[in-house]
Amino acid sequence: MSTGYWKYTQYIKVEDNTPPNITIGGDDEFCMDNNVDCDGVVNIPFTATDLCPGSTTSVTAYIDGEEVTVTGTHPNYTVSGRYEMGEHLLDVRATDGCSPTASSTKVFTVIDCLAPSPICI
């Protein structure tokens, strides 16, 4: 009497329902650097980390609703540009390869740090 041969196949599905973690750093205030255009250079670093192994995290950023260029490589990124004097909203969104999406925002302000220029009358 034979005990036979048994073969089992097991499928394991791993799901990542945890969205990426976004941390926005940098200053909250940036100085206007000229009196002509009333704008200043802004550099805001941020990180986007994820638990989904081997996946690529897609990162997009918006300032005042307009998509802006993101530089850097995973997990360290930067948003840079010239922005006019006043308050602005940075919105960073990250999606990992397993599909969860995260969003983080930061308000920053470009302020007038220039001394007044005297005018002779």
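Visitor: In which strand is the place of G81?
Guide: This is a predicted model, in which local features need pLDDT of at least 70, side-chain atom pairs count only at pLDDT 80 or more, and totals for chains, interfaces and linings use all residues. Residues are numbered from 1 along each chain as its sequence is written, and side-chain values use heavy atoms, with hydrogens and water left out. Helices (H or I, at least four residues) and strands (E, at least two) are DSSP runs, numbered from the N terminus. G81 falls in the run of residues 76–84, which is strand β7.

Visitor: What does G81 count as, by relative accessibility?
Guide: With a 1.4 Å probe and protein chains only, buried means under 20% relative accessible area, exposed means over 50%, and partly exposed lies in between. G81 has 22% relative accessibility, and therefore counts as partly exposed.

Visitor: Which residues does G81 touch, not counting residues up to four places away in sequence?
Guide: A contact means heavy atoms within 4.5 Å. With residues up to four places away in sequence not counted, G81 touches G40, V41 and V42.

Visitor: How far apart in space are G81 and V14, C-alpha to C-alpha?
Guide: In sequence, G81 and V14 are 67 residues apart. In space, their C-alpha to C-alpha distance is 40 Å.

Visitor: What is the radius of gyration of the chain?
Guide: This radius is taken over C-alpha atoms, and the globule rule is 2.2 Å times the number of residues to the power 0.38. The C-alpha trace spans about 115 × 20 × 20 Å along its principal axes. A compact globule of 121 residues would have a radius of gyration near 14 Å, whereas the chain has 24 Å.

Visitor: How many strands does the chain have?
Guide: From the N terminus on, the elements run β-β-β-β-β-β-β-β-β. Among contacts between residues at least 6 apart in sequence, 67% join residues at least 24 apart. The chain has zero helices, and its strands number nine.

Visitor: Does D91 count as buried or exposed?
Guide: D91 is placed in strand β8, residues 86–95. Buried residues make up 30% of the 121 residues in the chain. Because its relative accessibility is 12%, D91 counts as buried.

Visitor: Which side chain does a polar contact of 2.9 Å join to that of D91?
Guide: A polar contact is a pair of N or O atoms within 3.5 Å; within protein, one must be able to donate a hydrogen and the other to accept it, and residues adjacent in sequence count only if both atoms are side-chain atoms. Residues up to four places away in sequence aside, D91 touches T60, A61, Y62, S103, S104 and T105. The side-chain polar contact of 2.9 Å joins D91 to S103.

Visitor: What is the value of omega for the peptide bond from H74 to P75?
Guide: Most residues other than glycine have a negative phi, and most peptide bonds are trans. P75 is in the loop between β6 (70–73) and β7. The bond from H74 to P75 is cis, with omega near 5°.

Visitor: What is the phi of D64?
Guide: D64 is in the loop between β4 (58–63) and β5 (66–68). With 43% relative accessibility, D64 counts as partly exposed. Although D64 is not a glycine, its phi is positive, at about 55°.

Visitor: What is the phi of C38?
Guide: C38 is found in the loop between β2 (29–32) and β3 (39–49). At 30% relative accessibility, C38 counts as partly exposed. C38 is a residue other than glycine with a positive phi, near 50°.
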